[in-house]
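Please look over the sequence and the model below before reading on. The text then goes through the sheet, the helix that crosses it, the pockets and the charged contacts.

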Amino acid sequence: MYLPDADWIQFAELLEQEYPDIVCSQLENVCYFQKACAHVQGKDRSFSINIFDINGAMKLEVDEKQLFVGGEQFGASPDLCYVTVFQSRLSGDDVWHVGSSLMKNYYVVYDMTPYDELGEDYLLIGLGLQN
């Protein structure tokens, strides 16, 4: 998941409050533990993101352990554990890029009908929690 600067800084500060042994670096755009993920003492909680549209809101949740990935996945030491939420300077202040760590618990349906058949300048996206 990639967050705009201000949101990532706030997220990193929350992580540093909860996990005194975490290292967060704005220069490297990353937070990590200097130990294998198996040795990270979790808080048994989930993170949630609220997505809003004209019909209301939907809460997407991800277990904290799903956000922890071993260093070998990033070409680093397996004795490091990365948090898969990174700082992004590529988009605007209100754009979040979410990936598999968040979306793997949901079905996603893309509908091009408004664009293809109605000449509109938008697409429809449907989300549903997997059973």
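**Sheet, helix, pockets and salt bridge**

Four strands make up an open sheet, in the order 2-3-7-6, with antiparallel pairing. At its edges are strand 2 (22-25) and strand 6 (68-70), each of which pairs on one side only. From one strand to the next the twist averages 30°. Strands here are DSSP runs of E with at least two residues, helices are runs of H or I with at least four, and both are numbered from the N terminus; two strands count as paired if DSSP finds at least two bridges between them.

This is a predicted model, in which local features need pLDDT of at least 70 and side-chain atom pairs count only at pLDDT 80 or more, while totals for chains, interfaces and linings use all residues. Residues are numbered from 1 along each chain as its sequence is written, and side-chain values use heavy atoms, with hydrogens and water left out.

Strands of a sheet pair through backbone hydrogen bonds, either parallel or antiparallel. Strand 2 and strand 3 (residues 30-33) pair in the antiparallel sense over four bridges, and S25 is placed opposite V30 of strand 3. Helix 1 (residues 5-18) lies across strand 2, strand 3 and strand 7 (81-83), and runs at about 160° to strand 2. Contact means heavy atoms within 4.5 Å; angles run from 0 to 180 degrees between the N-to-C directions of axes, which are lines fitted to C-alpha atoms, for helices over the stretch in contact.

The largest pocket has a volume of about 480 Å³. It is lined by 17 residues, and I51, L60, M103, I125 and L127 are the closest to its centre. A pocket is an open set of points on a 1 Å grid over the protein atoms alone, where a 1.4 Å probe fits, with protein on both sides within 12 Å along at least five of seven lines; lining residues have an atom within 4 Å of a point. Grid points are joined across faces, edges and corners, and the volume is the space filled by probe spheres set on the points.

The second largest pocket has a volume of about 200 Å³. Of its 14 lining residues, L3, F11, S48, I49 and W96 are the closest to the centre. Helix 1 gives the largest share of this lining, four residues.

The structure holds one salt bridge, defined as a side-chain nitrogen of Lys or Arg within 4 Å of a carboxyl oxygen of Asp or Glu. K35 forms a salt bridge with D21, with the closest N and O atoms 2.5 Å apart.
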